[in-house]
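Please keep the viewer open while you read.

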Amino acid sequence: EAPGAPYGLKPTTSVPRKPWNVWCGGDCEGLNSPRGSQVCFCLHTDDSIAEISSEIIRGVYLIDFENAQQRIELGEAEQSDFLLLVGYCGWGKDQMQSELDRGDTWSMAAADQKALLGELRELQVDLKARREAASLAPTVTAKEVQDGIAQWRKLYVALGDKFEKRLADARLTGDDEHSDQMLHRWIERCLIPSEPDLSPAAAARVAKLDSLQPGNVLRASPTSWLLGKPSEGEEFSLRRFRPAQYLHKGVLLLLSNFDDEESSVLALLNGPAIGNTNDGRDVTFGGMSQTGSFSNGVLEVGEEDVKACLAGQLLLGPGLLRKLVAFGALEVAEGVKLQDIISLPQEERWLAAGGRIESTEDAAVAAMGDVQLQKWYERFVNIRP
């Protein structure tokens with residue numbers, strides 16, 4: 001569990017008296033949190049109001065949003081003097097240390113006022129111009145709201161030759177481009193408001209749940225799982241749902257009865273091999289949860305002539321299966337039989353379950369998902385599918 005907001009900040013009840021540029025400070029009590037539970041604060045470099053601020057590092061201060069507005073109204077500061085942040089990044093006990101120990105997630109460096117906020121006024125003017133341009137556009141993308149990558153690269157290469165070489169190597173392997181694309185997906189999901197899917201197609205998907213039975217097959221979307229979940233709603237918070245990038249183009253078997261009031265248990269049918277049974281059959285990855293009492297942790301599904309051996313399952317809390325189907329992240333594969341699926345090679349099972357890519361745009365997103373899937377298995381299961 002992450003700690004509370006920094007410097008004793010509380011959820012903000014202050015209402016902006018004029019339009020502000022807003023910057024994402026993190027997803028803890030941030031932009032996707034319910035109204036009334038968002039934490040807003042400002043960073044600034046104005047020594048004249050240091051006494052009513054908290055100094056973060058020399059020359060960089062944090063001030064409550066309401067106090068910042070009052071300084072502006074009193075003529076003691078200008079709006080462009082402040083960087084308004086909503087939300088913060090939080091780590092649980094020992095979590096940050098474990099990420100530092102891993103060695104490939106964070107780089108520690110000294111910071112100063114110029115490096116962090118030296119171009120604050122220029123950034124404010126630039127964001128305001130892009131915000132006004134975006135208001136006239138039919139759609140808004142990460143390009144319009146800015147991704148922060150240019151500022152990150154500038155700081156990263158300033159750390160020295162070793163870091164500049166790392167960045168060059170990442171460009172050569174394609175990791176740099178893929179990471180940028182994932183950030184853009186996150187921005188467009190989390191920072192740009194979208195409307196829920198209320199189309200007849202969504203209603204038709206959900207209606208198929210009425211006849212869902214144990215043993216039925218579902219297929220996963222090729223575009224919904226790049227960030228591990230289809231939505232940033234509270235139902236998919238880390239308290240309720242473990243991100244599941246491995247469901248990209250997945251084929252799933254329902255193991256439990258379907259009831260919105262009860263949890264649902266499913267198993268992945270087209271995961272990679274992660275071991276073998278005593279008689280030499282492949283055991284494939286079935287999910288991140290271990291439920292029930294299966295022989296040596298392995299579940300056998302299918303009939304005598306063709307069986308699949310699965311390790312692990314997917315456990316969804318009450319109501320989540322319906323939500324996932326409504327979002328289009330999962331869909332009932334009508335008429336598809338378990339035996340027909342497991343008799344095929346792993347790489348053919350999603351297409352056999354009715355998986356389709358409908359447009360060139362979806363094809364591009366699905367290709368990113370293929371890379372993300374591979375990276376997920378390498379990081380969390382230590383295998384290369």
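1. Ground rules first. This is a predicted model, in which local features need pLDDT of at least 70 and side-chain atom pairs count only at pLDDT 80 or more, while totals for chains, interfaces and linings use all residues. Residues are numbered from 1 along each chain as its sequence is written, and side-chain values use heavy atoms, with hydrogens and water left out. Helices (H or I, at least four residues) and strands (E, at least two) are DSSP runs, numbered from the N terminus.

2. Two strands count as paired if DSSP finds at least two bridges between them.

3. Strands β2 (residues 40–44) and β4 (residues 60–64) pair in the antiparallel sense, over 4 bridges. Contact here means heavy atoms within 4.5 Å; axes are lines fitted to C-alpha atoms, for helices over the stretch in contact, and angles run from 0 to 180 degrees between N-to-C directions.

4. Next comes helix α4 (residues 120–134). Its 15 residues reach 21 Å from first C-alpha to last, close to the 21 Å expected at 1.5 Å a residue; the expected span is 1.5 Å times one less than the number of residues. Which residues of α4 are buried? They are L120, Q124, L127, R130 and A134, where buried means under 20% relative accessible area, exposed over 50% and partly exposed in between (1.4 Å probe, protein chains only). These residues cover an arc of only 135 degrees around the axis, which puts them on the same side of α4; the arc is that of the directions from the helix axis to the C-beta atoms. The buried residues pack against β1, β5, α3 (113–117) and α5 (142–145), whereas E122 and V125 are exposed on the face turned away from the buried side.

5. Please compare two loop residues. L31, in the loop between β1 and β2, is partly exposed at a relative accessible area of 36%. Leaving aside neighbours within four places in sequence, L31 is in contact with V22, C24, Q38, V86 and L191. Q245 sits in the loop between β6 (217–220) and β7 (251–254) and counts as buried, at 15% relative accessibility. Not counting residues up to four places away in sequence, Q245 touches W225, L226, L227, G228, Q372, L373 and W376.

6. Three of those contacts lead us to another helix. Helix α13 (residues 360–381) has 22 residues and reaches 31 Å between its first and last C-alpha, close to the 32 Å expected at 1.5 Å a residue. Its buried residues are V365, A366, M368, G369, Q372, L373, W376 and Y377. They pack against α8 (175–190), β8 (264–268) and β10 (282–285).

7. The whole structure has 13 aromatic pairs, where rings of Phe, Tyr and Trp (its six-membered ring) pair if their centres lie within 6.5 Å, with planes under 30 degrees apart counted as stacked, over 60 as edge-to-face and the rest as tilted. Y246 and W376 have ring centres 5.0 Å apart and planes at 45 degrees, so the pair is tilted. Y246 lies in the loop between β6 and β7 and W376 in helix α13, so the pair ties together parts that are 130 residues apart in sequence. Y246 is buried at 4% relative accessible area, and W376 is buried at 7%. One aromatic cluster is formed by Y246, F285, W376, Y377 and F380.

8. Finally, check two backbone angles. D94 has a positive phi of about 70 degrees although it is not a glycine. D94 lies in the loop between β5 and α2 (95–102) and counts as exposed at 55% relative accessibility. N382, also not a glycine, has a positive phi of about 60 degrees. N382 is found in the segment after α13 and counts as exposed at 67% relative accessibility.
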